[in-house]
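Me: I am new to this structure and would like to learn how to read its features one at a time. Could you take me through them with care?

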Amino acid sequence: MIAEKDILKCHEIIQPFIHRTPVFTSSLINEISGCKLYFKCENFQKTGSYKMRGALNGIMNLSGEQKNNGVVTHSSGNFAQALSKAAQILGVKAYIVMPSSAPAVKKEGVRSYGGHVIECEPTIEARESTAQEIIEKYGSSFIHPSNDIPVITGQSTAARELLQTHSTLNAILTPVGGGGLIAGTACSAYYFGNECEVIGAEPEEANDAYRSMISGKIETNTTTHTIADGLKTNLGNHNFPIILELVKEIITVSEIEILTAMRLIWERMKIIVEPSSAVALAAVFKKSENFANKEVGIIISGGNVDLQAYFDGLGIKK
């Protein structure tokens, strides 16, 4: 468990550097779902995702000497950009290990925030070994995107903000990838909610968290053929015990259910969310009877859609 005082302290120290993101509602989506939904829009957070919160707290928890030696992570997604931006704000050098197969637009995003991109082969082993080389060469501190206690604590602040303005929520749903967001959300709901349940949402094609909840041990993905590319990672030894203790259940959804939910958000709420974010709304629709007439929060985790991939498919170059 993360202590309540640690969440409060974290929220205080990162607030000057983050956006207090808005909470949106949609009467039409409420009508379709049969409940009152409150969307915490972290797609409007700096760098386009909630991960800015954890990245900042991860760096802020380092000593002065550690900061002087820089930080390193391996990520091809939102945490890569978040850690780069957080390091830039705090005057720390950031080394970001990214697979060579990562989209060029994501590498450019990291560089635009001052991060140093180190490419490696597109395997977990290559990512870890390359990060270790950076640690040994520069003495940099490794910050995991989701399985790091200060990072999880940082992610908890999104749900805390949501509960500060909507204290009567019956449940909060988040997508589940590496487990940092849902673990942090569960801690905030435990301390600041009023019997508020936390429920995870996950693609059927990458359902390791769902199986982990059943088996009581960390399972790995047997397939990752999902449009929700941010949810292909596995749970970790720091966040899984929190999830096992405080999360009620994980709901899995199909690819068409994810796309349908994303399209509805785009068309009706007029905001851009990435597929991973739409998974939580898809879960509400799938188990609508469980949420009937309740007040439900949804963490919109991010809005970093790789539009260049769509342009490439149409033969349109940047």
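This is a predicted model: local features need pLDDT of at least 70, side-chain atom pairs count only at pLDDT 80 or more; totals for chains, interfaces and linings use all residues.

Me: What span does α12 reach from its first C-alpha to its last, and what follows the helix?

Reply: Helix α12 covers residues 255-269, and its 15 residues reach 21 Å between the first and the last C-alpha, which is close to the 21 Å expected at 1.5 Å a residue. After α12 comes Lys-270, whose phi is positive, near 60 degrees.

Me: What is the order of the strands in the open sheet of four, and which strands stand at its edges?

Reply: The order is β5-β4-β3-β6, with parallel pairing. Here β5 and β6 (141-142) stand at the edges, each with a single partner strand, so one side of each is left without a neighbour in the sheet. Within this sheet, strand β4 (residues 94-99) runs parallel to strand β5 (residues 116-120) and is joined to it by five bridges, one place to look being Val-97, whose bridge partner in β5 is Ile-118. Strand β3 (residues 71-74) is joined to β6 by two bridges, again in parallel, and there Val-72 stands opposite Phe-142.

Me: Which helix makes a β-α-β unit with β4 and β5, and is the unit right-handed or left-handed?

Reply: The helix is α6 (residues 104-112), and together with β4 and β5 it makes a right-handed unit.

Me: Is Arg-53 buried or exposed, and what does its side chain contact?

Reply: Arg-53 has its place in helix α3 (residues 51-60), and because its relative accessibility is 0%, Arg-53 counts as buried. The side chain of Arg-53 makes a polar contact, at 2.9 Å, with the side chain of Glu-161.

Me: What describes a pair of aromatic rings, and how many aromatic pairs does the structure hold?

Reply: In general, such a pair is described by how far apart the ring centres lie and by the angle between the planes. The structure holds four aromatic pairs. In the pair of Tyr-190 and Tyr-191 the ring centres are 5.1 Å apart and the planes stand at 75 degrees, so the pair is edge-to-face. Tyr-190, Tyr-191 and Phe-192 form one aromatic cluster; Tyr-190 counts as exposed at 52% relative accessibility, whereas Tyr-191 is partly exposed, with a relative accessible area of 24%.

Me: Where does Ile-18 lie, and how many residues separate Ile-18 from Asn-57 in sequence?

Reply: Ile-18 lies in the loop between α1 (4-14) and β1 (23-24), where Ile-18 is buried, with a relative accessible area of 9%. Ile-18 and Asn-57 are 39 residues apart in sequence, and 11 Å apart in space from C-alpha to C-alpha.

Conventions:
Residues are numbered from 1 along each chain as its sequence is written. Side-chain values use heavy atoms; hydrogens and water are left out. Buried means under 20% relative accessible area, exposed over 50%, partly exposed in between (1.4 Å probe, protein chains only). A polar contact is a pair of N or O atoms within 3.5 Å; within protein, one must be able to donate a hydrogen and the other to accept it, and residues adjacent in sequence count only if both atoms are side-chain atoms. Two strands pair if DSSP finds at least two bridges between them. A crossover is right-handed if, with the strands pointing away from the viewer, the path from the first strand over the helix to the second runs clockwise. The expected span of a helix is 1.5 Å times one less than its number of residues. Rings of Phe, Tyr and Trp (its six-membered ring) pair if their centres lie within 6.5 Å; planes under 30 degrees apart count as stacked, over 60 as edge-to-face and the rest as tilted.
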